[in-house]
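Please find below a colleague's note on a structure that may be new to you. It is set out as numbered points.

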Amino acid sequence: MSILLVLSVMANIAMFLMLIGVIAVFATGQRSMLAEDVVREGPSRNRIAMVTVQGIIHGELANDVYRQLKAAREDRRVRGIIVRINSPGGTISASDQIYKEIRKYREEVKKPVVAFMQGVAASGGYYASVACDKIVAEPTTVTGSIGVISWWLVVQELLEDKLGVLPVTITSGQKKDWPSSFREPSPEELQYMRDKLITPAYERFVEIVAEGRKELLSPEAVRQLSDGSIFGAQEALEVKLIDEIGYLDRAIGMVKSMAGIDEAEVVEYRKPLSLMDFLSYRKASLPKLDRNLLYELGTPEILYLWSAY
């Protein structure tokens, strides 16, 4: 009986210490440290790292990609990278940051980088893809949508007719409040937005694609494809927006071939669960019509985004 009691006490102590250790790991909040999942078994001396671009592209996702590339850069066993993309795009700034970090990795580390498209890799998702050496897409992938979109909400009728609120705006110049959520935009205002925001962002997109696909497409050919059209995988292959159609194993084989290796362990990075992620809970609430909400609704979003997503 005493032996069972001792064993029970020791087991409880072990569980307590384990719990303390887990809490300590969570509490440190080491979000810069990434966990690794083995996707394909192989010799760990040769590694292929899979960097994930998943969902709407925004600032936090760009930071995640940066951390993943940093982990791959610091692991001397990594012989090449697969950038797994399943995204309809997102903000211009974040899309360009991801593009820059992938190009920087290629130029400084000199290791092969292959884009692997899954599901949707459109607009900003395609923007990120052309930073890679090669592009492989699954047969059901939707890609393309090379272009820029902008929108904002005009709340004039809501404020004036429904709430009885009359906005008053004083500016130092005619164009200071262009565009405004408090009135319908004039043709002159819309043209101003095109000239100042849409066209420069569009030209940047075309330039990026022309650079990334320069061995296969002329700048003129890229511009013809840059009308916002989407492409299925087969059509994208025919117009040379991608290099091959295949699944993950094909992308892995391509990296192996480019890196000059026969076997490799394939790992995927992910963020570990933090204590805040584990404990936090935010109750849903209806949005309040305050100044911040009006600003967000009335401020134009300039995006590399496939809007049908």
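1. The model under review is predicted. Its second largest pocket holds about 290 Å³ of space. The lining consists of 13 residues, of which R106, C132, D133, G212 and E215 are the closest to the centre of the pocket.

2. Sorted by class, the residues lining the second largest pocket comprise nine charged, three nonpolar and one polar. Two helices, α3 (92–109) and α6 (187–212), each contribute at least two residues to this lining.

3. Helix α3 is made up of 18 residues. Its first and last C-alpha atoms lie 26 Å apart, close to the 26 Å expected at 1.5 Å a residue.

4. Which residues of α3 are buried? They are A94, S95, I98, Y99, E101, I102, R103, Y105 and V109. In an α-helix there are 3.6 residues a turn, so residues three or four places apart point the same way.

5. Helix α6 has 26 residues and spans 35 Å from first C-alpha to last, close to the expected 38 Å at 1.5 Å a residue. A bend of about 40° occurs in α6 at R194.

6. Within α6, the buried residues are E189, M193, A201, Y202, F205, V206, I208, V209 and A210. Against which elements do the buried residues of α6 pack? Their partners are α3, α4 (124–129), β8 (149–151), α7 (219–225) and β12 (301–305).

Notes: Residues numbered from 1 in each chain as written. Predicted model: local features only at pLDDT ≥ 70, side-chain atom pairs only at ≥ 80, totals over all residues. Heavy atoms only, no water. 1 Å grid on protein atoms, 1.4 Å probe; cavity = no way out; pocket = protein on both sides within 12 Å on 5 of 7 lines; lining within 4 Å. Points joined across faces, edges and corners; volume = space filled by probe spheres on them. Helix = DSSP H or I, 4+ residues; strand = E, 2+ residues; numbered from the N terminus. Nonpolar A, V, L, I, M, F, W, Y, C, P; charged D, E, K, R; others polar. Expected span 1.5 Å × (residues − 1). Bend = angle between axes of the 7 residues up to and from the residue. Buried < 20%, exposed > 50% of the residue type's maximum accessible area, 1.4 Å probe, protein only. Contact = heavy atoms within 4.5 Å.
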